[in-house]
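Here is a friendly walk through one protein model, sheet by sheet and pocket by pocket. Please have a look at the fold before reading on.

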Amino acid sequence: MIPYNVIFTGRRTFCICLRPNGVVEARAPKGMSLRQVQELVEQKAEWVITKREELLARQRLREETRLERGQQLEILGEPWRLEPAEGEPPGFGPDGMLRLAGESQEQWRQSILEACRTAARGYFPGRVAEIAEKWGFCYTKVTVTGAKTRWGSCSGKNSLCFSQRLALASRPVADYVILHELAHTREHNHSPRFWAVVETYMPDYRQRREELHQLHDRLSLLDL
């Protein structure tokens, strides 16, 4: 039997949670006996073991995936070679060099995200305007944010936001996200009518969306 921690709470139902470090927590209503908790955990044992192994395997893979000197990283489809700044200003340098400040992985990640923000702010406003004019969309403004959970968003007033991380996508994939958000200026939902708008202007959007999912997985391993 796998080890687990029991937490009694004011909740009405029983649930099993996996913490990021792999610790299993059994959350039970106050008044439930430890024997009842154990029986419920045993009923879910196969599922818990499988999910815990998946979580730990992913953590090991993430630890093994490191940013390295000389590694190439594409920003808006252009390859850039990662190099320590070594006294030079961090950011885009000559000969396809992306200079990274600091020495730790976290400092390098921050340098990469700052470079992405610079690239995104210089690219997305103009590209959105091009696509909107080409296909007759109307929007109010474009901003670039540090969002990590969303690639883009459209407000009720048709203001568009894009994550700086989208600069790590290829340009065709970035165009999909742009069109996705522009389509929300006509349909503020994900109804069949919304997807019909997307497909009208981008028949291969499903392929581009799948590439976006794959990018998300790669960036998750790099913790970007």
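The report below covers the sheets, an aromatic pair and the pockets.

## About the model

This is a predicted model, in which local features need pLDDT of at least 70, side-chain atom pairs count only at pLDDT 80 or more, and totals for chains, interfaces and linings use all residues. Residues are numbered from 1 along each chain as its sequence is written, and side-chain values use heavy atoms, with hydrogens and water left out.

Helices (H or I, at least four residues) and strands (E, at least two) are DSSP runs numbered from the N terminus. Two strands pair if DSSP finds at least two bridges between them.

## The three-stranded sheet

Let us begin with the open sheet of three strands, ordered E1-E3-E2 with mixed pairing. Strand E1 (5-9) and strand E2 (15-18) are its edges, and each has a single partner strand, so one side of each lacks a neighbour in the sheet. On average, neighbouring strands here are turned by 30° against each other, direction ignored.

E2 and strand E3 (residues 24-29) run antiparallel and are joined by four bridges. Along this pairing, Cys15 faces Arg27 in E3, and Leu18 stands opposite Val24 in E3. The two strands make a hairpin with five residues between them, and Gly22 in the turn has a positive phi of about 95°.

Helix H1 (residues 34-43) lies across E1, E2 and E3, at about 120° to E1. Such angles run from 0 to 180 degrees between N-to-C directions, with axes fitted to C-alpha atoms, for helices over the stretch in contact; contact means heavy atoms within 4.5 Å.

## The four-stranded sheet

A further open sheet has four strands in the order E4-E5-E7-E6, again with mixed pairing. E4 and E6 are the edge strands with a single partner each, so one side of each is left without a neighbour in the sheet. E6 pairs with strand E7 (residues 97-100) in the antiparallel sense over two bridges, and Gly91 stands opposite Arg99 in E7. Helix H3 (residues 105-135) packs on this sheet and touches E4, E5, E6 and E7, its direction making about 130° with that of E7.

## An aromatic pair

The structure holds eight aromatic pairs. Rings of Phe, Tyr and Trp (its six-membered ring) pair if their centres lie within 6.5 Å, and planes under 30 degrees apart count as stacked, over 60 as edge-to-face and the rest as tilted. For Trp80 and Phe92, the ring centres are 4.6 Å apart and the planes stand at 55°, so this pair is tilted. Trp80 belongs to strand E5 (residues 78-84) and Phe92 to strand E6 (residues 91-92), so the pair ties together parts twelve residues apart in sequence.

## The pockets

A pocket is an open set of points on a 1 Å grid over the protein atoms alone, where a 1.4 Å probe fits, with protein on both sides within 12 Å along at least five of seven lines; lining residues have an atom within 4 Å of a point.

The largest pocket holds about 320 Å³ of space, the volume being that filled by probe spheres set on the points, which are joined across faces, edges and corners. Its lining has 16 residues, with Trp151, Gly152, His180, Glu181 and His190 nearest the centre. H4 gives the largest share, four residues.

The second largest pocket has a volume of about 230 Å³. Leu168, Ala169, Ser170, Leu215 and Arg218 are the closest to its centre among 13 lining residues. Here H6 gives the largest share, six residues.
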